[in-house]
Amino acid sequence: MERKNKTKKSSELIDYIIIGNSAAGLAAAEGIRELDKAGKITVFTEEGHLNYSKPMITYFLAGIVNLDRVSFKDKKFYSVNNIDIRLNTRIKSVDTAGMSLMAEDGSRYRFKKLLIASGGKPVIPKIKAAGTDGERNRHFNSIDAMNYKKIGGIFTLTTLEDAVRVKDYIEKHGVKRISILGGGLIGLKAAEAFLEMGIDINIIELENRVLSATFDRRASEIIEKKIKNKGSNIYKNNTIKEIYITDGRISGYRLKDSRKMECSLLVIAIGVVPDTGFIDSGKLRINRGIVVDDHMRTSVKNIYAAGDVVECLDILLGENKNIAIWPLAVMQGAAAGINMAGGNKKYSGGFFMNSVEILKVPSISMGMASAEGGKEENIEVLKDFNQEKNIYKKIVIRNNKIIGVILVGNIERAGIYAGLIRNEIDISSVRENISKEDFGIIHLPADYKKHLVVGEGTEV
Amino acid sequence: MPERPGDDRMKRIYIQEEYCIGCRLCEIYCQVKYSKSKKIIKAYKEEMVDILPRVLVEEIGYNSFAIQCRHCADAPCVSACISGAMQKNKNTGVVTCDEDKCVGCWSCIMVCPYGVIRRDLAGRKIVSKCDLCVDEDIPVCVKNCPNEALKFIEKDENEKNMVKSRNGKKK
């Protein structure tokens with residue numbers, strides 16, 4: 001066991017400290033080990049599980065995988081890579097000037113290089129509440145981030161612990177219908193799991209359709225219809241105005257439109273924000289997320305950041321943005337690790353993408369998918385909807401380059417579009433083929449096609 | 001950067017587009033390999049509906065080629081995989097999907113610029129892709145191509161061939 005020193009003077013100096021034990025943090029540890037086999041790496045996580053994939057928690061919930069299979073790294077990962085992993089250790093503060101950090105138990109650690117990969121944390125809105133805590137007869141006036149865990153049946157769904165608690169609660173209380181506040185990415189991912197389990201859902205969405213940020217109207221409609229046909233409900237243009245608590249557990253709520261609903265389990269899924277609250281930022285620049293450059297460096301020397309906690313280049317916007325998705329977190333983490341160990345690896349930026357399958361209907365959206373053109377200059381939209389097969393394809397083009405795609409029902413070869421977006425390929429010569437159902441590499445512009453077919457299998 | 005023997009020295013399948021006649025024997029032999037019976041007639045009659053070929057022939061008129069996983073050096077499917085199923089072997093360079101780990105989230109399909117990872121049709125929610133026939137000397141698609149439109153060679157050799165064919169054209 002490590003000694004725990006409380007004074008700054010005697011605290012140990014660690015070569016590489018990584019805050020966060022998920023996609024970005026562990027990709028960084030591997031990146032460091034590519035160049036530095038000996039330097040000490042310590043990974044801190046506030047969670048108690050050795051290693052698990054956050055996007056897998058809904059698959060665990062749905063019963064597709066059990067607790068043994070939620071890890072995305074081998075059991076030997078930490079020993080093989082010689083990583084000191086500290087579980088259940090929330091970092092309380094980071095002193096960016098003094099190059100040290102303090103854990104919640106008061107232990108202080110100094111670092112030569114730091115990676116902040118602390119991810120995101122769920123947003124809990126303040127909602128009026130009425131009712132009492134069964135045991136202590138304490139009255140709740142409202143629920144918020146500080147107290148929602150004290151009320152039975154109100155959950156967020158961003159960690160494995162959340163998923164375990166939701167699963168237990170469903171079994172213990174025989175929950176037959178679950179309400180989900182928020183019809184965005186996390187809400188729909190939760191919906192995917194509950195519907196798979198045969199549980200009916202109520203989705204409460206502030207906008208006039210689900211997935212409003214990443215889908216267009218037609219794509220939202222297809223998914224909504226599918227959900228409604230299964231006996232579930234979607235309450236749009238709506239939100240929860242008041243929560244009713246009975247004996248310490250949620251028993252119902254009142255919607256904005258005044259309807260009163262019964263409810264035994266509510267998942268709050270309105271969004272996630274970068275988890276930066278513990279950093280005494282000093283000179284470390286934080287906007288919505290921690291600002292990093294194309295080498296994942298923050299504004300403070302020797303401090304790097306990667307994953308859902310950062311904002312960095314969105315290649316479609318041409319500016320920094322927080323894009324909290326797994327593939328980018330891994331790429332950013334890998335680059336950060338190599339650079340921390342003295343290498344030189346550029347992170348070339350990214351763009352949003354997401355895959356979700358609702359009731360056997362797969363869908364993928366990427367880039368600026370909800371754009372409709374019309375008033376927007378230089379934007380053209382191609383759509384192909386096959387009502388019979390429930391297959392929808394939409395391509396958004398700006399200045400002859402694809403900037404957004406939605407695929408519903410048929411997602412085959414979706415990545416070809418991702419390649420066209422990332423490589424900014426001019427598609428004007430092949431425009432008539434681009435939204436075809438059997439669209440493939442053979443339809444691509446000659447140069448890019450040749451690159452894919454004849455070029456060797458390296459990054460394109 | 002560290003040496004990556006797995007990538008520099010591994011044999012890959014290179015596509016000789018101009019020799020492909022679109023016969024699709026590569027697809028058929030791939031399906032046979034992943035059939036239960038391993039016998040072409042039996043597999044064709046009884047099993048084909050369930051087995052996806054892991055090599056894909058694209059064809060318009062006389063223009064055709066067969067493409068399968070390129071086993072990229074920086075494989076986007078490996079970065080995107082949320083379950084740890086998609087792995088690149090550090091020694092051999094081969095990218096494979098562990099079917100027991102795959103949960104069918106389709107992230108790899110979302111990012112593969114070649115579009116060569118597919119949803120398995122056989123019912124289980126997993127992906128299907130080329131594993132370079134690691135248990136064979138030569139991948140079956142290459143072995144059974146009647147016109148040598150697919151070659152299983154190292155990177156250096158392929159580059160030599162490409163230079164040769166370029167020079168040939170000039171003459």
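Which residues of the largest nonpolar core touch the most other members? In this predicted model, local features need pLDDT of at least 70 and side-chain atom pairs count only at pLDDT 80 or more, whereas totals for chains, interfaces and linings use all residues. Residues are numbered from 1 along each chain as its sequence is written, and chains are lettered from A and ligands numbered from 1 in the order in which they are written.

The largest nonpolar core holds 189 residues, of which A28(A), L115(A), A305(A), A306(A), A66(B) and C77(B) touch the most other members. Such a core is a set of buried Ala, Val, Leu, Ile, Met, Phe, Trp, Tyr and Cys residues joined through C-beta atoms within 7 Å, a residue being buried if 20 or more other C-beta atoms, placed from the backbone, lie within 10 Å of its own. Helix α7 (residues 326-340) of chain A gives this core its largest share, ten residues; helices (H or I, at least four residues) and strands (E, at least two) are DSSP runs, numbered from the N terminus.

With neighbours within four places in sequence left aside, A66(B) is in contact (C-beta atoms, placed from the backbone, within 7 Å) with I15(B), C20(B), C26(B), V55(B), L56(B), V57(B), C141(B), A149(B) and L150(B). Strands β2(B) and β3(B) pair in the antiparallel sense over five bridges, pairing being assigned if DSSP finds at least two bridges between two strands. Within this pair, E58(B) stands opposite F65(B) of β3(B), and the two strands form a hairpin with two residues between them, where G61(B) in the turn has a positive phi of about 60 degrees.

The contact between the chains takes 40 residues from chain A and 37 residues from chain B. On the side of chain B, the elements that give two or more residues include β2 (56-60), β3 (63-67) and α5 (107-111), and α5(B) provides the largest share, four residues. This side of chain B divides into 20 nonpolar, eight polar and nine charged residues, where Ala, Val, Leu, Ile, Met, Phe, Trp, Tyr, Cys and Pro count as nonpolar, Asp, Glu, Lys and Arg as charged, and the others, Gly among them, as polar.

For chain B, the domain assignment, which is automatic or taken from a database, gives domain 1 (8-68 + 130-171) and domain 2 (73-129). Their centres, taken over C-alpha atoms, are separated by 20 Å, and eleven residues of domain 1 are in contact with twelve residues of domain 2.

Technical notes. Contact = placed C-beta atoms within 7 Å. Buried ≥ 20, exposed ≤ 12 C-beta atoms within 10 Å, placed from the backbone.
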